[in-house]
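Try each task yourself before reading its solution.

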Amino acid sequence: MKILAIESSCDETAAAVVEDGRKVLSSVIATQVAEHRKYGGVVPEIASRRHAENIVPVVKQALIDADITLEQADAIAVTHAPGLIGALLVGVNFAKGLSLATGKPLIPTHHLRSHIASNYISNKELKPPFLCLVVSGGHSHIVMVEDYTKMRIIGKTRDDAAGEAFDKAARTMGMPYPGGIELDKIAEEGDPNAFKLPHPVVNGSPYDFSFSGLKTAVINLIHNASQKGETLPVADLSASFRKAVVDCLTDNFLKAAKDFNAKTLVIAGGVSANSLLRKNLEMLCKQSNLQLFMPDKSLCGDNAAMVGSQGYYEFLSGNIAKADLNAVATLPIDYR
């Protein structure tokens with residue numbers, strides 16, 4: 001089964017053709033990073049306008065690269081939630097138009113479920129059930145993936161997501177957008193023990209995260225130094241901050257794995273590309289005799305291949321949209 005997939009939840013206009021949920025026949029991404037960099041982050045109105053401009057050529061190129069026509073696609077999958085509402089609407093309405101014009105089934109696909117599905121592309125042997133740490137710019141979840149479309153939230157952030165904390169800390173240090181990637185690179189050159197930073201915990205909820213206080217601690221350090229005319233070693237501060245965030249993520253994730261007797265662990269989302277997170281989890285899982293799966297770094301960010309993968313399993317479960325499908329800004333990953 002060949003699925004044409006469309007992703008437009010934030011600032012990447014993407015299209016892909018995926019066969020049977022695991023084989024990527026094409027994947028095309030039009031990025032807006034350079035344009036949003038001048039503003040220090042994504043501007044929703046600009047993102048929506050660029051999606052409208054890019055979606056036709058991106059979809060056409062995905063079909064050309066896959067060497068199929070639109071008529072040869074068996075279904076159309078599209079990210080309908082969660083995300084920037086204006087950006088989502090571009091992809092959803094375009095996919096609805098294609099579905100109406102061709103009579104192809106329309107598959108509504110959840111953005112975070114799609115991030116998890118990126119692992120099905122990178123790891124052909126991976127099948128549910130497993131425990132997944134989903135970490136991105138807007139979300140930080142520990143999810144029990146009981147089946148391809150049945151998920152249960154074990155823990156989540158109470159405030160900022162890990163990716164948001166990385167980006168805001170990096171911006172305060174003067175790094176360009178997207179700051180999390182730059183911070184990860186610079187942290188490789190620093191001392192992770194140079195600064196003692198808080199490791200917040202949520203009382204009574206051992207699997208939940210809280211990154212707001214940690215982010216604020218770093219920002220205050222920088223501002224206080226600036227007021228005194230001092231300059232902090234950016235590499236050391238980056239390394240210390242990265243270590244604190246990764247420690248919080250891995251501690252809760254492995255505690256949940258132990259308490260729920262999960263032997264297969266998976267990571268997904270943009271922050272799953274973080275080098276220290278990958279390195280530490282590999283080491284800790286090996287020590288605890290746990291099986292760890294990670295997506296290829298090329299699939300960690302937003303893309304449509306992951307949408308095509310999850311769309312396949314949504315289709316098999318009977319999740320087919322009608323013509324009244326709408327975009328949704330917020331929707332829990334365990335929706336029914």
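**Exercise 1.** Leaving aside its neighbours within four places in sequence, which residues is K215 in contact with? Keep in mind that this is a predicted model.

*Solution.* Start by locating the residue: K215 sits in helix α7, which covers residues 212-227. Next, skip the neighbours within four places in sequence and look for heavy atoms within 4.5 Å. The contacts of K215 are then D160, A165, K168 and F241. Finally, check the burial: the relative accessible area of K215 is 11%, and because buried means under 20%, K215 counts as buried.

**Exercise 2.** Classify the ring pair Y120 and F130, then do likewise for F209 and F211.

*Solution.* Eight aromatic pairs turn up when ring centres within 6.5 Å are counted. For Y120 and F130, the centres are 6.3 Å apart and the planes stand at 65°; an angle over 60 degrees is edge-to-face, so that is the class of this pair. Now place the two residues: Y120 belongs to helix α4 (residues 111-122) and F130 to strand β6 (residues 130-135), so the pair links distant parts of the chain, 10 residues apart. Y120 and F130 are both buried.

Turn to F209 and F211: their ring centres lie 5.8 Å apart with planes at 15°, and since this is under 30 degrees, the pair is stacked. F209 and F211 are buried too. To finish, follow the aromatic cluster that includes Y120 and F130: its members are Y120, F130, Y148, Y312 and Y313.

**Exercise 3.** How many disulfides does a search of the whole structure find?

*Solution.* The search gives zero disulfides. Check C132: its nearest cysteine sulfur belongs to C300 and is 11 Å away, so with a cut-off of 2.5 Å, C132 is in no disulfide. For C285, the nearest cysteine sulfur is that of C132, at 12 Å, and C285 is in no disulfide either. Then look at burial: C132 has 0% relative accessibility and counts as buried, while C285 is buried with a relative accessible area of 1%.

Note on methods. Residues numbered from 1 in each chain as written. Predicted model: local features only at pLDDT ≥ 70, side-chain atom pairs only at ≥ 80, totals over all residues. Heavy atoms only, no water. Helix = DSSP H or I, 4+ residues; strand = E, 2+ residues; numbered from the N terminus. Buried < 20%, exposed > 50% of the residue type's maximum accessible area, 1.4 Å probe, protein only. Phe/Tyr/Trp six-rings, centres within 6.5 Å; stacked < 30°, edge-to-face > 60°.
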